[in-house]
Amino acid sequence: MRGSIRPGASSRRARTFTLVTGLSMVSVLAAGCLGGGGEESAGDPDRNADATEFTLTITSNAIKGGKNSEGATWIEDYVIPEFERIQAEKGVTANVEFAPVGVDDADYKSSLGLDLETGKGADIIDIDGIWVGEFAESGFIAPLDDVVGVEAVSAWDGWGQIQESVQQNASYNGERYGVPTGTDGRVIFYNKDVFEAAGLPTDWQPTSWQEILEAAETIKAESPDVIPLQLNAGTAMGEATTMQGFLPLLAGAGAEIHADDKWQGDTEAVRQVLEVYETVYGTGLGDPTLQQEAKGRDRSFQLFAEGEVGMLLESDYFWRSVVNPDQGVAPMENRDEVVGYAKIPAVTPGAGVGGQDFVSMSGGSARVINPNTEYPQQAWELLQFMNSAEATKEQVAGSPRITHRDDVNAEVLSGDPMLTFIAEEVVPLTLFRPGRLEYVDVSIAVQEATYAVVEGATAAEAAQQYQAALEDVVDAGAIATG
Amino acid sequence: MPVPSRRDDAPATAVTGHADPGEAAFSAGAPRAVDSVGLGRARALLFVAPALLLIGVFLLFPALWTLYIGATNFERTGPNHVNPQVTWFDNYVDVLTDPSFYNSLWLTLLFVLFSAVIGQNGLGFWLAWSTRRLHRRVRRVVESLVLLAWILPSSVVAFLWIAMLDQRGGTLDALLGNPGTAWLVEYPMVAIIVFNTWRGTAFSMMLYSAALSSVPPSQLETARLAGATGGQTLRDVVFPHIRGHVLTNTLLITLWTFNDFGPFLITGGGPGDDTEIAAVYLYNTAIRDGDLGYSGAISLLILVANVVLALAYLRMLRRRDSS
Amino acid sequence: MSPKRSTAAADIGEAAARKTAVALARRVGFYAVTCLISVFFALPLLWLVTAPFDASPAYAIEFPEPTLRNFETILSNPYALPSLLNSLILAVGTALFVVTGAALAAYALSRVRIPGRDALLYVLLLLSSVVTGTAAMVPLFLMVSEVGGAIHPVLGVDSHFSVTLVMTGGLLPAAIFMLKDFVDSIPPSYEESARVFGASPFRVLKDVVVPLITPGLATIAVWSIVNVWGNFLVPFILLRDADKQPAAVLIRTLYTEAGQPNLALLATFSLLYSLPVVAMYLFVSKKYGFRFHGGIKS
């Protein structure tokens, strides 16, 4: 640089250099890394199968002291020491680690994508069942049969304990990608005090939508200060709108969001569902502002706990983690006496999906094995151990919830009538979301359509808007109308 | 060595490119005197090198890469993730025909104009100007409160403002005695504008109180004796001294506000898309929808919008400077 | 303001009295407005003072029986206190890099004419505000993970050092921009005098320049700390080990499986999370001063 005579020559050169280096690095790296997801390269399932020492990492959107604390505690304090002990008895040194996360699901998904893209990430990964198709399409995960081998997979006796519909939640295109980790179900929760004050029966099971709306009308007339029925809608609460609002009603109207390779567009069933929204938010049965503000869902929970909301359509999560007197975010001391629950009826008896009288929707997570793992057989062994009856029982020992295993459910849920109700009455008639790539976009279109109704659009207008949004994200040929 | 003369009362003129020592020397036709302190150009470059290196690697490089992604259909997942194609300007065409882009651009301009250019600038200046008259202790209390709003982490202040504006039991409703106003639903833009004014005023206040100390007290005294009103004093005596600071400040807070993600933590961009300002639009595209190519294109367009604003400011304040 | 012409002395007295009254009213008005503004800035902070001591806080200011149970719970969170330490490491580390880098660059750019420096500064400033956001997440991660990690683990993921570097890169342009303004406001005559007495450039820098711009450096340091303290995305993307995550990430874990905030823990941790950064500000501003310009008054 000392040699430069003209003022600024060296700095100009420096800048040009930076620019050129930057640009060439961009092209080189971008070419290599943009499509880094790559092909499904599960590799040899038997690699390192005989290792006498191995290291495995488990990750889950759970962290001690924070989100899903019990899940993290179970992995750290039970799964890991137990598994390492069992391996030690076989003369194998196992080092199992847990990488806790515990943030917003979208952020967790982003970080998993980045890890899997670069061939890194934990060996056993907990993902939402609805991501399975998307991750599979991206080459992030591979069918279990490819990762650990057909024989090893089919040899596991645990499959027999997991219902077919629940297994679907960890599958894509008919192939298993992982083991489901539990499931849930949606029902109508109602406040018995509110019902009693309005002169409604506290032991309540509606058999048609009309009965729900009538109950809401009664509450509105008898207790004007109470919000009769808060039906999840709008974009602010995201997937909760779709799962705890639109989709259960759609099932009650006799349609699945995706069936026979077609998405539900502006159809009779969709309009019927949106009409319910129109009735609820257009005639003051529900509070539209709760569906508009960012913290509306939290607030509707709080209001329910305070006896200010009559009915909520929610999953059993609401019972376990929201109004739970011990560790809920909106605890109700007298939950067991005051909170009632009823199955979601079809529009009219027999009009639901498959001619059902009652319907529900379910979700759940799945544990998958990272195709890049160095120890596929050991990872599979660990996964089987985590899903054994014994480990599953231990997982829900502290706070019961519906597991993926029938044998465990029968045993651990007996103390909780609500969860037993879900497991016995709801799960058999439930539906799962389609694990397809486009689902995320369709779900957003659904949320926007319900939001339009909350803001005052008619059901017909919202249905047209939904149809238009749908045409942006899926082929016109894959949309059912009429 | 010729020493370029320099007026101490115009400290920020370097921003406008005038009257800084180096340039004065250069334009005076004295190439020998590139600097007045004998640092030397080679050493100067050495001084700049570490910062430039860090900026180049951790800012410029990802920036160019992001722009490159903006010319592809790359997504976070799915077939376009596995096999991304270079689609050149498709994303730009899509963004520029997307009504939500214009919605977010419009909201962002409102947000910047009212919360930064008017709100933070105005309130910050007012605080800097008028608190000089307060007792030192009182002044320190006021300043500390303003600074606290600026120092606290954004995830914390989000909760504070939700509690403030809550429909049921919120502090504001309680104070006004009219419970039931859902401020975040009925006046969402006003809410985030007021919020951001609260959040960022400290920066302007600090910058202006430093700037005001460069106004010679004798001139203020003269103005007072001449019977000038407060407005006249500000316009004729104070403003000429702090013009450069006004530019620096307005530019910085505009850029920061334009790309501020803070309101998302309060309104989530809602209700609907009523507060979907640029940063939120970008977040929804990149994180919620995973359309990375699309969000790369949006980034460039936001950059262009920022450049336009910056040039407009420069033009406005520079022209007056040279007149 | 032209003085009113009047024939009667009484009128003059009245006018004077009116003038005094107006001045008094103005003064009262001024204090009222100052009070209002102080209330405006103080009011939102109330929740931070009440909610942590409430067993089941809501989004409302309540004065319940005070309890310290929330603090017990949050302190039993194995990541809570370490995350504050991690924040401290990241914030102080970044502040050191930013201050050093920006001080050297700003001084050189202020005192020595480097062609195109203003344009360069503007371009970098514009880029820095746009690029550090969500869109550059993938490039940043791939760069650190694939390139940095390949060079040395300390430059790869799960390293505080690489997070520090990434954030430094993002903050430097604005820091240089602000600091250059500061240096510009200091007349070069001090350095020139020192030179005349034969001090080496390094000595001039150390003994003359640094003491003069210390308040500016302190300001940039606090500004960097504040920025790092609140940054979630960069550490979240680049740190996988939960033991290394800063408080900005930890506070995002205090939600339920379906994303409902645990307000009792959130409010309590918010308070713990806020105190260090406030303390750092107080420390820095007390020890080094805290100003943007005018190292020396004219």
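Modeller: In this predicted model, chain C is built with 12 helices and 0 strands, so that a walk from the N terminus through its elements reads α-α-α-α-α-α-α-α-α-α-α-α. The radius of gyration of chain C comes to 26 Å, whereas the globule rule gives 19 Å for 298 residues, and because the value is well over that figure, chain C is more spread out than a compact globule. Along the principal axes, the C-alpha trace of chain C spans about 90 × 70 × 35 Å.

From the chain itself we can turn to its neighbours, beginning with chain B. Here 87 residues of chain C are in contact with 90 residues of chain B. The element that gives the most to this side of chain C is helix α7, residues 160-184, with 12 residues. Sorted by class, the side of chain C that touches chain B holds 58 nonpolar residues, along with 18 polar and 11 charged ones.

The other neighbour to consider is chain A, where 29 residues of chain C are in contact with 28 residues of chain A. On the side of chain C that touches chain A, α6 (137-151) and α10 (233-238) of chain C each supply at least two residues, and α6(C) gives the most, with 4 residues. The classes on this side of chain C are 16 nonpolar, 9 polar and 4 charged residues.

Chain A is divided into domain 1, which covers 53-180 + 364-395, and domain 2, which covers 186-362 + 435-480. The C-alpha centres of these two domains of chain A lie 32 Å apart, and the contact between them takes 8 residues from domain 1 of chain A and 5 residues from domain 2 of chain A. On the side of domain 1 that touches domain 2, helix α4 of chain A, residues 132-137, gives the most, with 4 residues. That side of domain 1 of chain A has, by class, 3 nonpolar, 3 polar and 2 charged residues.

Technical notes
Residues are numbered from 1 along each chain as its sequence is written. Chains are lettered from A and ligands numbered from 1 in the order in which they are written. This is a predicted model: local features need pLDDT of at least 70, side-chain atom pairs count only at pLDDT 80 or more; totals for chains, interfaces and linings use all residues. Two residues are in contact if their C-beta atoms, placed from the backbone, lie within 7 Å. Ala, Val, Leu, Ile, Met, Phe, Trp, Tyr, Cys and Pro count as nonpolar, Asp, Glu, Lys and Arg as charged, and the others, Gly among them, as polar. Domain bounds come from an automatic or database domain assignment. The radius of gyration is taken over C-alpha atoms; the globule rule is 2.2 Å times the number of residues to the power 0.38.
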